[in-house]
Amino acid sequence: MMSKLLHVSASPRGPRSESLAIADTFLSAFRDTDPAVPVSTFDLWDGSLPAFGPDAVAAKMAVFAGEEPTGDGWAAATDTFRRFDDADLYLFSVPMWNHGVPYILKQFIDVISQPGLVFGFDPAAGYTGLLTGKRAAVIYTSAVYGPSLPPSFGTDFQAPYFTGWLRWAGVTDISEIHFRPNLVTADAATARAAAHADAREVAKRMIVR
């Protein structure tokens, strides 16, 4: 089966987005390395991401109870998962919002993280991630937070949360690309160039592995 790459964008800032600029560099290198691999984008801000409301939650709990899930909310969640699961290679562009991830990415996670789709569950053994055999690259950016800065510049609830979700879902082959911070730094240009160079290398490795 031919590989497919899906770029999941969590930034609404378009051409002003640092994470999307790095994603563009990644995608350019990826296409140059193997133009035959199909590439598509899921812009989480394009209005196609469904809500996960009361009827969908009821359907999810029905699955846990061994019952058949029903309703439009469950159907929409399943359709969104199928769109995601159709790819085996992923690129995520994830800016930091208030020390964590944008709410639209959390919505995406809540929509697709369903029993029998993203995870299995056993009362004795616990969770099992079902997204096995997939690979992911994640671009993490932040304006103020940086790993070498004191706590007054923020705390990283971004990468631990999202990378942790990928691993919980069964994706263990994960490459991280960081540009943090991109505002409160004396030399943003050097760090930016390094992040773009890292993106090119990760893209090439993703094709050949």
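**Side-chain interactions**

Because E201 and K204 stand 3 residues apart in helix 6 (residues 188–208), about one helical turn separates them; helices (H or I, at least four residues) and strands (E, at least two) are DSSP runs, numbered from the N terminus. This is a predicted model, in which local features need pLDDT of at least 70 and side-chain atom pairs count only at pLDDT 80 or more, while totals for chains, interfaces and linings use all residues. Residues are numbered from 1 along each chain as its sequence is written, and side-chain values use heavy atoms, with hydrogens and water left out.

**Salt bridges**

- Side chains of opposite charge can pair when their charged atoms come close.
- The structure holds 6 salt bridges, a salt bridge being a side-chain nitrogen of Lys or Arg within 4 Å of a carboxyl oxygen of Asp or Glu.
- One of them joins the side chains of E201 and K204, at 3.8 Å from N to O.
- E201 is partly exposed at 41% relative accessibility, and K204 is likewise partly exposed at 37%, where buried means under 20% relative accessible area, exposed over 50% and partly exposed in between (1.4 Å probe, protein chains only).
- K106 forms a salt bridge with D110, with the closest N and O atoms 2.8 Å apart, and because these residues are 4 apart in helix 4 (residues 103–112), they too are separated by about one helical turn.
- In this pair K106 has a relative accessibility of 34% and counts as partly exposed, and D110, at 32%, also counts as partly exposed.
- D86 forms a salt bridge with K4, the closest N and O atoms lying 3.1 Å from each other.
- D86 is in the loop between helix 3 (72–85) and strand 3 (89–95), whereas K4 is in the segment before strand 1 (5–9), so this pair ties together parts that are 82 residues apart in sequence.
- K4 counts as partly exposed, with a relative accessibility of 31%.

**Surroundings of F42**

- F42 belongs to strand 2 (residues 39–43) and is buried, with a relative accessible area of 1%.
- Although F42 and V8 are 34 residues apart along the chain, their C-alpha atoms are separated by 4.8 Å.
- Leaving aside neighbours within four places in sequence, F42 is in contact (heavy atoms within 4.5 Å) with L6, H7, V8, S9, S48, L49, T80, R83 and F108.
- R83 lies over the face of F42, at 3.6 Å from the ring centre; a charge sits over a ring if NZ of Lys or CZ of Arg is within 6 Å of the ring centre and within 35 degrees of the ring normal.

**Nonpolar cores**

- A nonpolar core is a set of buried Ala, Val, Leu, Ile, Met, Phe, Trp, Tyr and Cys residues joined through side-chain atoms within 4.5 Å.
- The largest nonpolar core has 34 residues, of which F84, F92, L105, F108, F162 and L166 touch the most other members.
- The elements giving two or more residues to this core are strand 1, helix 3, strand 3, helix 4, strand 6 (135–141) and helix 5 (159–169), and the largest share, 6 residues, comes from helix 4.
- Apart from its neighbours within four places in sequence, F84 is in contact with L6, V8, Y90, F92, F108, I112, L131 and W165.
- A second, separate core of 21 residues includes F26, A29, A137 and A199.

**Aromatic pairs**

- The count comes to 17 aromatic pairs, where rings of Phe, Tyr and Trp (its six-membered ring) pair if their centres lie within 6.5 Å, with planes under 30 degrees apart counted as stacked, over 60 as edge-to-face and the rest as tilted.
- The ring centres of F64 and F121 are 6.0 Å apart and their planes stand at 75°, so the pair is edge-to-face.
- F64 lies in helix 2 (residues 54–64) and F121 in strand 4 (residues 119–122), so the pair ties together parts that are 57 residues apart in sequence.
- F64 is partly exposed, with a relative accessible area of 36%, and F121 counts as partly exposed at 44% relative accessibility.
- Y127 and W168 are also edge-to-face, because their ring centres are 5.4 Å apart with planes at 75°.
- This pair links distant parts of the chain, with Y127 in strand 5 (residues 126–129) and W168 in helix 5, 41 residues apart.
- Y127 counts as partly exposed at 49% relative accessibility, and W168 is partly exposed with a relative accessible area of 27%.
- Ring pairs also link F42, F84, Y90, F92, F108, F162 and W165 into a cluster.
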